[in-house]
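Biologist: I am new to this one. Could you walk me through how to read its features?

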Amino acid sequence: MGMISDLPDQMLLEILSWLPTTQVVATMLLSKQWKFLWKQVPKLYYNYSEHEGRDFSEFVSRSLQSQVAPSFKSLKLSVSPYCDSRDVKNWIDLAVSRFVLELEIDLTAAQNPMITALPKSMYTCGTLSCLRLKALVLDDIPEDYPICLSSLNYLYISVSIQVSADKFIGKLSAGAPLLKKTVVQGPVYGDEFLDSMTSYSELRSFTTCLSESCNSRPLSSWNQPGFTSTTHVPECLSTTLQTLEWRDYAETEFDMPVVSFLLKNATRLSEAKIFPESAAGPIEKLRIRTGL
């Protein structure tokens, strides 16, 4: 213990940043030097699996409020099934007030639908550069919510296939002019989303993953008459988009026109990966690859 304690505090904080916050807080018992050091760690990771029963929310709330770091480099939350939606919203509000750079909210284990709206403060977080939202069931963003994510360059979002994400994704991305990479899991190909792509000036990478039930949704603007008109081609397809990845591709009237449109109009593409859905047999996969 003596050797590591001889390191500068800044180096100790960097080491602690790689540990789950539960372990970081436990270091306060080591010695007087470590008693308050954990409160300065700028990277926080909370995972409900490291807690028993219903004490997860209390631990997160108390440790977040004890933090004295002027800003959070990252806050990652894997939420417990017992968490209250008000707690999660309060944690996001606190992170925004600490100028968070990277925010990840994972509700995979939560009781659905746990959260249908995110706090208003998140939509105007000017420092946020990376946002990951996993397993959310979301309503549309209220009209009176301003959206200004001026620093956001990476967006990962996974939403319930039972709720259309068209408007949510469209409005969120339209308020992030510096967005460079987008990863979306779920149905997002409606009019609102396509229209929002016209605001992308920096988008370089787009990845999507569709589940089987997504293909049963009513067709949207992707294959309506006039869709392939050059007036509807987002500028980023011909200027900045370099990487395209499409997972769970199937030969449906939904997938085929979308992929064809993207491949035809993304003239700056340097890499395109199309993965057939896992249920497809070897002959079908070969036919898909040949057709593309």
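Modeller: Start with the rings. The model is predicted, and the count of aromatic pairs in it comes to three.

Biologist: What kind of pair do Phe56 and Trp91 make?

Modeller: Look at two things, the ring centres and the ring planes. Planes over 60 degrees apart count as edge-to-face. The centres of Phe56 and Trp91 are 6.2 Å apart and their planes stand at 85°, so this pair is edge-to-face.

Biologist: Which parts of the chain does the pair link?

Modeller: Distant ones. Phe56 belongs to helix 4 (residues 56-66), and Trp91 to helix 5 (residues 85-97). They are 35 residues apart.

Biologist: Are Phe56 and Trp91 buried or exposed?

Modeller: Check the relative accessible area. Buried means under 20%. Phe56 has 1%, so Phe56 is buried. Trp91 has 3%, so Trp91 is buried as well.

Biologist: Now the core. How many residues does the largest nonpolar core have?

Modeller: First the general idea. In soluble globular proteins, nonpolar side chains tend to be buried together. Here the largest nonpolar core has 65 residues. Those with the most contacts inside it are Tyr46, Leu64, Leu75, Leu131 and Phe168. Helix 5 gives the largest share of this core, six residues.

Biologist: What does Leu75 touch?

Modeller: Set aside neighbours within four places in sequence. Leu75 is then in contact with Leu44, Tyr46, Leu64, Trp91, Ala95, Val100, Glu102, Leu103 and Glu104. Trp91 is the ring that pairs with Phe56.

Biologist: And Thr21, is that residue buried or exposed?

Modeller: Thr21 has 1% relative accessibility, so Thr21 counts as buried. Its place is in helix 3 (residues 21-26). Not counting residues up to four places away in sequence, Thr21 touches Leu44, Tyr45, Tyr46 and Phe59.

Biologist: How exposed is Phe99?

Modeller: Partly exposed falls between the buried limit of 20% and the exposed limit of 50%. Phe99 has a relative accessible area of 48%, so Phe99 is partly exposed.

Definitions and conventions
Residues are numbered from 1 along each chain as its sequence is written. This is a predicted model: local features need pLDDT of at least 70, side-chain atom pairs count only at pLDDT 80 or more; totals for chains, interfaces and linings use all residues. Side-chain values use heavy atoms; hydrogens and water are left out. Rings of Phe, Tyr and Trp (its six-membered ring) pair if their centres lie within 6.5 Å; planes under 30 degrees apart count as stacked, over 60 as edge-to-face and the rest as tilted. Helices (H or I, at least four residues) and strands (E, at least two) are DSSP runs, numbered from the N terminus. Buried means under 20% relative accessible area, exposed over 50%, partly exposed in between (1.4 Å probe, protein chains only). Contact means heavy atoms within 4.5 Å. A nonpolar core is a set of buried Ala, Val, Leu, Ile, Met, Phe, Trp, Tyr and Cys residues joined through side-chain atoms within 4.5 Å.
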